[in-house]
Amino acid sequence: MNGLQILGTGRALPEHVVTNDDLAKIVDTSDEWIVSRTGIKERRFAREGETLTQFAVEAARQAIARAGIRPEDLGLCLMGTVTSDNATPAQSCLVHQALRLPEDCPAFDLSAGCSGFLYAMETAAALLPRMSRPYALILGGELLSRITNMEDRSTCILFGDGVGAVVVKSTQDAPWYAHLGARGERDILWSGGMGSEERYLHMNGQEVFKFALETVPQAARTLLAKAGMEKEQVDWYVLHQANHRIVESVARRLKVPLSKCYENIERYGNTSAGTIPIALDEMAEQGLLKAGQWIMCLGFGSGMTWGGALFQWQDKEEK
Ligand code: COA
């Protein structure tokens, strides 16, 4: 079966930084409470007039350039998001338009909450062999500030805005193991949608926490079993950045060192489908990802959904 090789990554976040102290001026909270309960120090919020499209297009352009391909080489364009600029067309179609992608490059969004990027990756792994060309642009990201009630201290401290992107190639040479799941459930984490009066995110934080600890370690074990690997053989665990304490607890349950878990939550908060591709881009930029290394990405989110992917980082062939 064909797997995916990541050829290039990109990310784009708003410039506007909002610190915990900034939020403490709006709601009854403190830097100390937020840092100790979540690990978050600051996040980015889009300013009035900024759009998800502009961040998605910026991240996509970086990923395409680093992959060494041209937009017209793409055979598929997917985006995991729940905060598309429009109810329709899909956010991926707005990216398609801006990048002038070819007509035989289908584009659609995946709504799987914070698991959206991993859902999109596995969808690309399955679909790409049937497309006109073997390259896909896969984005994940949100403007969660648009659906966050800034007067609700139980949610406004957690979320942020940002987009990550990867360009992948479908190839038999790339090992690829994935595992997706869902426990259909509305009331733990939901929003009525951007235009709706109930657009704000509603969350039962403790239930989300419990859900993550039930599903994420199990997803990791499933992936290791599929690959016939031991947890020690994985070089990097890239977990959805929702809460430092969740990352810590998952690492403890899996008995893997925290030093193998990449974290950037202190700077960006939870950007939902954006956290994993943003992390991959930072890791690539910092030279942390080396050819031959095994990477396990794990996510969970609204739905309630979860997803995981286990793959090997490879140097891209010179084109
Ligand atoms: N500042 C100060 N106090 C706050 C607060 C804030 N921002 N938010 C809640 N509190 C208060 C609560 O009102 C509660 O007060 P009480 O004891 O007087 O009732 C107290 O802090 C404890 O609240 P609780 O909800 O039990 O805290 P917690 O330890 O569970 O932490 C979360 C709350 C949201 C940080 C935590 O549950 C969490 O991270 N859950 C996962 C959320 C998540 O990942 N969501 C995205 C999924 S993709």
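Student: Which strands does helix α7 lie across, and how is a term such as helix or strand to be read here?

Tutor: Helices (H or I, at least four residues) and strands (E, at least two) are DSSP runs, numbered from the N terminus. Contact means heavy atoms within 4.5 Å. Axes are lines fitted to C-alpha atoms, for helices over the stretch in contact, and angles run from 0 to 180 degrees between N-to-C directions. In this case α7, residues 205-227, lies across β8, β11, β12 (294-301) and β13, and runs at about 150 degrees to β12. The model is a predicted one: local features need pLDDT of at least 70, side-chain atom pairs count only at pLDDT 80 or more, and totals for chains, interfaces and linings use all residues. Residues are numbered from 1 along each chain as its sequence is written, and side-chain values use heavy atoms, with hydrogens and water left out.

Student: In what order do β8, β11, β12 and β13 stand in their sheet?

Tutor: Two strands pair if DSSP finds at least two bridges between them. Here the four strands form an open sheet in the order β8-β13-β12-β11, with mixed pairing. At the edges are β8 (176-185) and β11 (236-239), each pairing on one side only. On average, neighbouring strands of this sheet are turned by 10 degrees against each other, direction ignored.

Student: How many bridges join β8 and β13, and in which sense do they pair?

Tutor: Eight bridges join β8 to β13 (residues 303-312), in the antiparallel sense. Within this pair, A182 stands opposite T305 of β13.

Student: What is the order of the five-stranded sheet?

Tutor: The order is β1-β7-β6-β4-β5; this sheet is also open, and its pairing is mixed. Because β1 (3-12) and β5 (107-110) each have a single partner strand, one side of each is left without a neighbour in the sheet. Neighbouring strands here are turned by 20 degrees against each other on average, direction ignored.

Student: Where does helix α10 pack?

Tutor: Helix α10 (residues 275-285) packs on this sheet and touches β1, β6 (135-143) and β7 (161-171). Its direction makes about 90 degrees with that of β1.

Student: How many residues of α10 are buried?

Tutor: Buried means under 20% relative accessible area, exposed over 50%, and partly exposed in between (1.4 Å probe, protein chains only). By that rule nine of the 11 residues of α10 are buried, among them I276, L280 and M283. Just after α10, G287 takes a positive phi of about 70 degrees.

Student: Which strands pair with β4, and in what sense?

Tutor: β4 (residues 74-80) pairs with β5 in the parallel sense over four bridges, and L78 has F108 as its bridge partner in β5. Six bridges join β4 to β6, also parallel, with L74 opposite Y135 of β6. Seven of the seven residues of β4 are buried.

Student: Which residues come nearest to the ligand?

Tutor: A residue is near a molecule if one of its heavy atoms lies within 4 Å of it. Of the 23 residues around the ligand, T29, R37, G205, Q206 and N243 come nearest.

Student: What lies 2.6 Å from an oxygen atom of the ligand?

Tutor: A polar side-chain atom of N243 does.

Notes
A polar contact is a pair of N or O atoms within 3.5 Å; within protein, one must be able to donate a hydrogen and the other to accept it, and residues adjacent in sequence count only if both atoms are side-chain atoms.
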